[in-house]
Amino acid sequence: MSDSQPRLPNGQFLTERFPVLTYGQTPTVDTADWQFEVWGHGMSDKITWDWDDFNALGSHETVRDMHCVTTWSRYDNKWQGVPIESVWSAIEANLEDDLKPGAVMLHCYGGYTTNLLLDDFLNPDNLFASHHDGQPLTIPHGGPMRFVCHHLYAWKSAKWISGIELLEQDDRGFWERHGYHLRGDPWGEERFSYQE
Ligand SMILES: Nc1nc2c(c(=O)[nH]1)N[C@H]1C(S)=C(S)[C@@H](COP(=O)(O)O)O[C@H]1N2
Ligand SMILES: [Mo]
């Protein structure tokens, strides 16, 4: 890291703990019942994966810092799971010609949603994580499976993910409808929507 690019974004403080940030109820999903669906713009047929088929798509590990908009940051989280590239190539193979989505809405067990522009969603660092710091993801942290997007505030890292809705253009997920920024870049302190 150079001096001009500090590791901690403005307005954040470092914690060694791993806080749980959840709005509402924590859903419990057994891997035997777990389903992951992809539908929406450009797809005539919905894709449905069960736990084993989804995990068989590929394997990837990253170590990345996490920044929550409520101002805590946690360094060096080791995430392991299914890489975005594998999931996206399976989706792309099912897209109708010339109907590329502009954004996605991530859906979760329990009803939480969050939106990402396609380019942010396809950051090669992103993954669907089943493990954190070498252990299966605990339920409060999104187990059995969560999305992880390191380069945006952590509210985009959807816990208990259940599916991806392809959108023609960007829309607002749960926190984005309640005043959070549409995109949420921690390096630009894109916290609230009045800043858009
Ligand atoms: N389904 C779901 N995903 C979610 C949330 C939530 O309330 N529900 N909270 C978000 C927020 S605001 C943050 S900071 C991170 C926190 O992840 P953690 O609880 O594992 O620290 O999860 C994000 N993903
Ligand atoms: Mo957060």
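Visitor: Which residue is the bridge partner of Val38 in strand 11?

Guide: Strands here are DSSP runs of E with at least two residues, numbered from the N terminus, and two of them pair if DSSP finds at least two bridges between them. In this predicted model, the partner of Val38 in strand 11 is Ile164. Strand 11 covers residues 161-167 and pairs with strand 2 in the parallel sense, over 4 bridges.

Visitor: What stands opposite Val38 in strand 3?

Guide: That is Ile47. Strand 2 (residues 35-40) and strand 3 (residues 47-50) run antiparallel and are joined by 4 bridges. Their hairpin has 6 residues between the strands, and Gly42 takes a positive phi near 90° there.

Visitor: Now the cysteines. How many disulfides does a search of the whole structure find?

Guide: A disulfide is a covalent bond between the sulfur atoms of two cysteines. The test used is a pair of cysteine sulfur atoms within 2.5 Å, and the search finds 0. For Cys108, the nearest cysteine sulfur is that of Cys149, 13 Å away.

Visitor: Is Cys108 buried or exposed, and what about Cys149?

Guide: Buried means under 20% relative accessible area, exposed over 50%, and partly exposed in between (1.4 Å probe, protein chains only). Cys108 counts as buried because its relative accessibility is 7%. Cys149 is buried too, at 2%.

Visitor: Which conventions should I keep in mind?

Guide: Residues are numbered from 1 along each chain as its sequence is written, and chains are lettered from A. Local features need pLDDT of at least 70, side-chain atom pairs count only at pLDDT 80 or more, totals for chains, interfaces and linings use all residues, and side-chain values use heavy atoms, leaving out hydrogens and water.
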